[in-house]
Amino acid sequence: ADMAGFLDRYGISAEMHKAVMADDVGAIAPHVNAYLLRFYFQVRGMPQPEFMARLNALNDKSGQPHKE
């Protein structure tokens, strides 16, 4: 499917468009529900361990403890 064309139908910022195209968990996460974020990346085919590693990396940068 034409992901860029699909995204063009929606009024999202250029920054968010770029984040979605790059599967940038860190840029998208603050703007969406956590459960929908997880579902979205599962549908996109991102393996669960990779998704969790990206989330944990966000926690490492923010100084917040890991919740597992």
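Is F6 buried, partly exposed or exposed? F6 is partly exposed, at 36% relative accessibility. The views below are taken from a predicted model.

**View 1. The aromatic pair of F6 and Y10.** The structure contains three aromatic pairs. One of them joins F6 and Y10 in a tilted arrangement, with 5.3 Å from centre to centre and 55° between the planes.

**View 2. The aromatic pair of F41 and F51.** The ring centres of F41 and F51 are 5.8 Å apart and the planes stand at 35°, so this pair is tilted. F41 belongs to helix α4 (residues 34-43) and F51 to helix α5 (residues 48-62), so the pair ties together parts that are ten residues apart in sequence. Both F41 and F51 are buried.

**View 3. The ring cluster of Y40, F41 and F51.** Y40, F41 and F51 are linked into a cluster by ring pairs.

**View 4. The surroundings of H17.** H17 is part of helix α2, which spans residues 14-21. The relative accessible area of H17 is 19%, and H17 is therefore buried, the limit being under 20%. When neighbours within four places in sequence are left aside, the contacts of H17 are A4, L7, D8 and I12.

Note on methods:
Residues are numbered from 1 along each chain as its sequence is written. This is a predicted model: local features need pLDDT of at least 70, side-chain atom pairs count only at pLDDT 80 or more; totals for chains, interfaces and linings use all residues. Side-chain values use heavy atoms; hydrogens and water are left out. Helices (H or I, at least four residues) and strands (E, at least two) are DSSP runs, numbered from the N terminus. Buried means under 20% relative accessible area, exposed over 50%, partly exposed in between (1.4 Å probe, protein chains only). Contact means heavy atoms within 4.5 Å. Rings of Phe, Tyr and Trp (its six-membered ring) pair if their centres lie within 6.5 Å; planes under 30 degrees apart count as stacked, over 60 as edge-to-face and the rest as tilted.
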